[in-house]
Amino acid sequence: MNIDLLKRLCETPGVPGHEHRVRDLIAAEAADLFDTIETDVMGSLVCTRNGEGDDPERVVLACHMDEIGFLVSHVSDKGFIHVSPVGGFDPRNLFSRRVLVCTEGGDYKGIMMAEGKPIHISAPEDRKKVPEPTDFFVDIGLGSAAKDKVRVGDFVVMDEPLVEMGERIVSKALDNRIACWLGLEVARKLASDGAKHKCRLTVAFTVQEEVGLRGARTVAADLRPHIGIGIDTTLACDTPGVPERDKTTELGKGFGLHLKDNSFIADLRLTREFEDIARANDIPWQRTILAGGGMDGAALQQAASGARAIGIVVGTRYIHTVCEMIDRRDLLAARDVLAAFVATR
Ligand SMILES: [Zn+2]
């Protein structure tokens, strides 16, 4: 598999409203794979492979480009950087992190710490308190000079490389750069297989999903899909401390057919179609329902007069941390079923 592309996608910084670097990377990769590539008003990258005839069926895959992160909200006179989260962080995962502060003038390595005292001088009750995400600050080591380098509105991401562990891949931002990878690799597979699909296939690399499906809404209004497929990570809580019934998915058991979350319920006929295709092609899958959360598929489903919609997801352990983990076989299963589906339309 094209692990180099996934590594570059995951390691490129891009939070809601600041997806431009990820978009540039995808646009360069997409150049030979699509007939048209456009950026919409909000910044989503809309890549289309033409269909046949005057009014082909419109199939849209939505792959959000943004990762959770922070915007700089204040820089103190001493150069400590305060931040405002964009996306859902669990503060317990934010202690002592290496981060990257991204500015127009360049990127600065930094560390993220919680306000307060180290263990040597803190009271036992202090150590039990969990701070809010806004109680964390960033130190880029430049002292008061940071005030000249970093401005309110600059963005901050976690700074960790992608690593491979056997069949498993660990990285920050697998949510949702795996979908960006899938959007490109599905098109690459269709091209290399010489698959002649009748539908007009659009892969929309959307913005601002992590703050409420914002980019997918405007993309969907413009494209008016007949079939909308949201592509994303989902939970894999097949780990210690989570009851079996809450696992959502298991790593290595195939791609996830996402049937319900707080934002939508999958189309029944599409569910059947995807299962038939998976069965016929020996592609492993697991049905899955997410107890909370939402995904871009909902925005596609409810655009204009509505679309048939489903989610294709990849189970991810330790989600919304720098240690997100997937199984590469699940990712490949998602690629194969999506390419097989598009080829039939
Ligand atoms: Zn996501």
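Two residues are in contact when their C-beta atoms, placed from the backbone, lie within 7 Å. Keep that in mind as you explore this predicted model.

**Helix 1 meets helix 5**
- Two packed helices are described by the angle between their axes and the distance between the axes.
- For helix 1 (residues 3-11) and helix 5 (residues 174-193), the angle is about 135° and the axes are 9 Å apart.
- The two helices are therefore oblique to each other, and helix 1 passes helix 5 in a right-handed crossing.
- Helix 1 brings Leu 5, Leu 6, Leu 9 and Cys 10 to the contact, while helix 5 brings Leu 174, Arg 177, Cys 180, Trp 181 and Leu 184.
- Sorted by class, this contact has 8 nonpolar residues, 1 charged residue and no polar ones.

**The buried face of helix 2**
- Within helix 2 (residues 20-30), the residues Val 22, Leu 25, Ile 26 and Glu 29 are buried.
- Looking down the axis of helix 2, you would find its buried residues within an arc of 95°, so they line one face of the helix.
- An α-helix has 3.6 residues a turn, so residues three or four places apart point the same way.
- The cover over the buried residues of helix 2 includes helix 1, helix 5, strand 2 (45-49) and strand 12 (200-206).

**A look at Ala 298**
- You can find Ala 298 in helix 8 (residues 296-301).
- Ala 298 counts as buried because it has 23 C-beta neighbours inside 10 Å, and the cut-off is 20 or more.
- Leaving out residues up to four places away in sequence, Ala 298 touches Leu 213, Ser 263 and Phe 264.
- Ile 229 is 69 residues from Ala 298 along the chain, yet their C-alpha atoms are separated by 9.0 Å.

Note on methods. Residues are numbered from 1 along each chain as its sequence is written. This is a predicted model: local features need pLDDT of at least 70, side-chain atom pairs count only at pLDDT 80 or more; totals for chains, interfaces and linings use all residues. Axes are lines fitted to C-alpha atoms, for helices over the stretch in contact, and angles run from 0 to 180 degrees between N-to-C directions. Helices (H or I, at least four residues) and strands (E, at least two) are DSSP runs, numbered from the N terminus. Angles under 35 degrees count as roughly parallel, over 145 as roughly antiparallel, 65 to 115 as roughly perpendicular and the rest as oblique. A crossing is left-handed if the near helix is turned anticlockwise from the far one by less than a right angle, and right-handed if clockwise. Ala, Val, Leu, Ile, Met, Phe, Trp, Tyr, Cys and Pro count as nonpolar, Asp, Glu, Lys and Arg as charged, and the others, Gly among them, as polar. A residue is buried if 20 or more other C-beta atoms lie within 10 Å of its own, exposed if 12 or fewer, and partly exposed in between; C-beta atoms are placed from the backbone. The arc is that of the directions from the helix axis to the C-beta atoms.
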